[in-house]
Amino acid sequence: MMVDSEKEQEPESALGAAQASPLAEAPDSLAVRRALTRLLRKRVKKFMALAPAVRADAEPKTIHDVRVWGRRLQQAVSAFFPKPRSGKVRRLRQTPRRIRRALGEWRNCDVLLEIVERRQRHTRSEAKRGAWAFVRDYLLQKRRKEVARAAKKLLRQDVGDYAALAQRLLDQAPKENPEILIQRLRDSVEGAWTEWQSALSRAERSRAIDDLHAFRVATKDLRYRTELLYDVGDKKMKAQLKWLAALQDALGVWHDRQVFYQAIAEAVARAEILLNELQTARILLAQLETDRGREAEEIKQIFRMAMTREERKQMDPSSENPLTDHASPLTGQGYVVRSGD
């Protein structure tokens, strides 16, 4: 289970999976505009169905789904309404973004509690079970604080008229040249691809946590922009999306572990704990050392996923070469990336 996993839902095509329109192969600009309009309405409806369910007793899946659909809605709004945006359009875009961010630490606590529960189930040691129970108690306390903090932030996000505002803005949207719209969608993906390349290069070179996190964000951004293009009819993006989803999942697991390590460190790094729960602290620190010892190999595997062996063979028959071209999803133009081996 990952902090920001979005793998439970396939991209929703606004055109329907069985439609036999030429858009299924090569979307025309007018069809793209109609599809994007329907998609935006659908995402507003989905988000507004989920947002009221955010309560202190909400299920972890609800918090997760609100974040996922908030991100999808934000991408659709950005695609439909180009810059410069009016204040009302900015509100339409910023509201799901702010709600998603308000729920971030709450979501983290839910994920970490699931990890701790798995650790408890998978150990026969009474001492280790006690140590994980200690971490669980710490996380439950932290979760209560994060839920209260999120509730205060959410009070400032009035979503009462959000759906009506979206409807008005869609009805009043200028009749933009559809050719400009489809080009903007493609430019958005191409820009995200360029950012992804740069983030990958930095992360491979430094292996620093901040750079790996930036690569994770760039992967997520590229996936969602590509998904939007797929959803309005560019079906050749399907393989690209499958690869990006797998890479995002791997980066999500890595991110969860970083947050988990931080939580363990916070739980034991208190004077009263070190004085009164020394054995518990020893067990947890030993587990932390063991887990972190596997990080280097896990990071190498992530970079291998960024350029799979099959892709290297297709791009360069001499797959032993550590430098190979990886094509842009839209133009086929290559760039050079280290294989990570």
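Biologist: At roughly what angle do the axes of helix H7 and helix H8 cross?

Modeller: This is a predicted model, in which local features need pLDDT of at least 70, side-chain atom pairs count only at pLDDT 80 or more, and totals for chains, interfaces and linings use all residues. Residues are numbered from 1 along each chain as its sequence is written, and side-chain values use heavy atoms, leaving out hydrogens and water. An axis is a line fitted to C-alpha atoms, for helices over the stretch in contact, and angles run from 0 to 180 degrees between N-to-C directions. The axes of H7 (residues 178-206) and H8 (residues 209-231) come within 8 Å and cross at roughly 160 degrees.

Biologist: Are H7 and H8 roughly parallel or roughly antiparallel to each other?

Modeller: Angles under 35 degrees count as roughly parallel, over 145 as roughly antiparallel, 65 to 115 as roughly perpendicular and the rest as oblique. The axes of H7 and H8 cross at roughly 160 degrees. The pair is therefore roughly antiparallel.

Biologist: How many nonpolar residues has the contact of H7 with H8?

Modeller: Ala, Val, Leu, Ile, Met, Phe, Trp, Tyr, Cys and Pro count as nonpolar, Asp, Glu, Lys and Arg as charged, and the others, Gly among them, as polar. Alongside four polar and six charged residues, the contact of H7 with H8 has a nonpolar count of 15.

Biologist: Is Glu-295 buried or exposed?

Modeller: Glu-295 lies in helix H12. It touches Trp-254, Gln-258 and Tyr-261, not counting residues up to four places away in sequence (contact means heavy atoms within 4.5 Å). With a relative accessibility of 11%, Glu-295 counts as buried.

Biologist: At roughly what angle do the axes of H4 and H9 cross?

Modeller: Asn-108, Val-111, Leu-112, Ile-115, Val-116 and Arg-119 in H4 meet His-255, Asp-256, Val-259, Phe-260 and Ala-263 in H9. H4 and H9 are roughly perpendicular to each other. Their axes come within 10 Å, and the crossing is at roughly 80 degrees.

Biologist: In which helix is Gln-75 placed?

Modeller: At 15% relative accessibility, Gln-75 counts as buried. Leaving aside neighbours within four places in sequence, Gln-75 is in contact with Asp-221, Tyr-224, Arg-225 and Leu-228. Its own place, within residues 60-80, is in helix H2.

Biologist: Is the peptide bond from Lys-83 to Pro-84 cis or trans?

Modeller: Pro-84 lies in the loop between H2 and helix H3 (87-102). Omega for the bond from Lys-83 is near -5 degrees, and the bond is cis.

Biologist: About what phi has Arg-207?

Modeller: Arg-207 is found in the loop between H7 and H8. Arg-207 is partly exposed, with a relative accessible area of 33%. Although it is not a glycine, Arg-207 has a positive phi of about 60 degrees.

Biologist: How many helices are there in the protein chain?

Modeller: Helices (H or I, at least four residues) and strands (E, at least two) are DSSP runs, numbered from the N terminus. Of the 341 residues in the chain, 51% are buried. Besides two strands, the chain has a helix count of 13.

Methods: Buried < 20%, exposed > 50% of the residue type's maximum accessible area, 1.4 Å probe, protein only.
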